Amino acid sequence: MTTEPAEAAEPGRDPEAVSRFVEGFAAQLAEAGMQRMPARVFAALLASDSGSLTSAELGESLRISPAAVSGAVRYLSQQHMVAREREPGSRRERYRVHSNQWYEALTSREAILKRWESALSEGVASLGADTPAGRRMAETLAFFEFIDGEIAAMMERWRVHREERFGRG
């Protein structure tokens with residue numbers, strides 16, 4: 001299947017190479033657990049110079065239905081990987097991937113970790129910290145607390161590194 005993002009025809013771009021990238025990266029994302037159609041839509045957005053395409057552009061370039069685009073964008077929006085924007089003076093929506101999409105996706109997980117930590121704390125209290133199940137629950141809680149702290153520290157290091165490498169933005 002040929003995938004030709006809207007900007008694949010831009011000077012200096014090889015449409016076949018862009019297509020191979022989009023489909024190949026989407027396959028990698030799907031292999032890692034992302035649903036196939038959202039992976040394809042995300043890769044197409046990532047490969048566009050503007051980082052933004054309409055539903056029609058996505059449907060045409062990926063050869064998928066408007067319903068498939070809608071479902072993929074809904075999933076990606078819930079994962080904080082794309083944002084919906086209205087085109088000025090139009091009723092059409094554009095879907096945008098931001099340069100810091102990985103940062104946004106990871107930091108949105110912080111709220112999930114906090115909820116899990118809260119639930120695990122309740123589990124330790126209800127099971128008893130000295131029981132085998134309570135100790136297992138406490139170790140799981142300690143793991144998530146550790147991960148939460150590491151993610152926060154890592155994201156701060158990333159902000160500094162990104163600014164040094166790419167400037168503010």
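Helices (H or I, at least four residues) and strands (E, at least two) are taken here as DSSP runs, numbered from the N terminus.

1. **Ground rules.** This is a predicted model, so to speak: local features need pLDDT of at least 70, side-chain atom pairs count only at pLDDT 80 or more, and totals for chains, interfaces and linings use all residues. Residues are numbered from 1 along each chain as its sequence is written, and side-chain values use heavy atoms, with hydrogens and water left out.

2. **Confidence.** pLDDT is the predictor's confidence in each residue, from 0 to 100. Its mean over the chain is 88, with 93% of residues at 70 or more. Helix α2 (residues 36-47) has the highest confidence, a mean of 96, and helix α5 (residues 101-127) the lowest, at 86. Watch residues 1-8: pLDDT stays under 50 there, although the model has 30 contacts (heavy atoms within 4.5 Å) for them beyond four places in sequence. Where pLDDT is low, the predicted coordinates should not be read in detail.

3. **Strand β1.** T54 sits in β1 (residues 52-54). T54 is buried (under 20% relative accessible area, with exposed meaning over 50% and partly exposed in between; 1.4 Å probe, protein chains only), at a relative accessible area of 2%. Beyond four places in sequence, T54 has E87, R92, E93, R94 and Y95 as its contacts.

4. **Helix α4.** The 13 residues of α4 (residues 66-78) reach 18 Å from first C-alpha to last, close to the 18 Å expected at 1.5 Å a residue (1.5 Å times one less than the number of residues). Its buried residues are V69, A72, V73, Y75 and L76. They lie on the same side of α4 because they cover an arc of only 160° around the axis, taken from the directions from the helix axis to the C-beta atoms. On the other side, P66, A67 and Q78 are exposed. The cover over the buried residues includes α2, α3 (55-62), β2 (83-86) and β3 (93-96). After α4 comes H80, with a positive phi near 60°.

5. **Cores.** A nonpolar core is a set of buried Ala, Val, Leu, Ile, Met, Phe, Trp, Tyr and Cys residues joined through side-chain atoms within 4.5 Å. The largest has 26 residues, and V41, L45, L58 and L76 have the most contacts inside it. At least two residues come from each of α1 (15-31), α2, α3 and α4, with α2 giving the largest share, 7. Beyond four places in sequence, L76 touches M34, P38, V41, F42, M81 and V82. A second, separate core of 7 residues includes L120, L141, F144 and M155.
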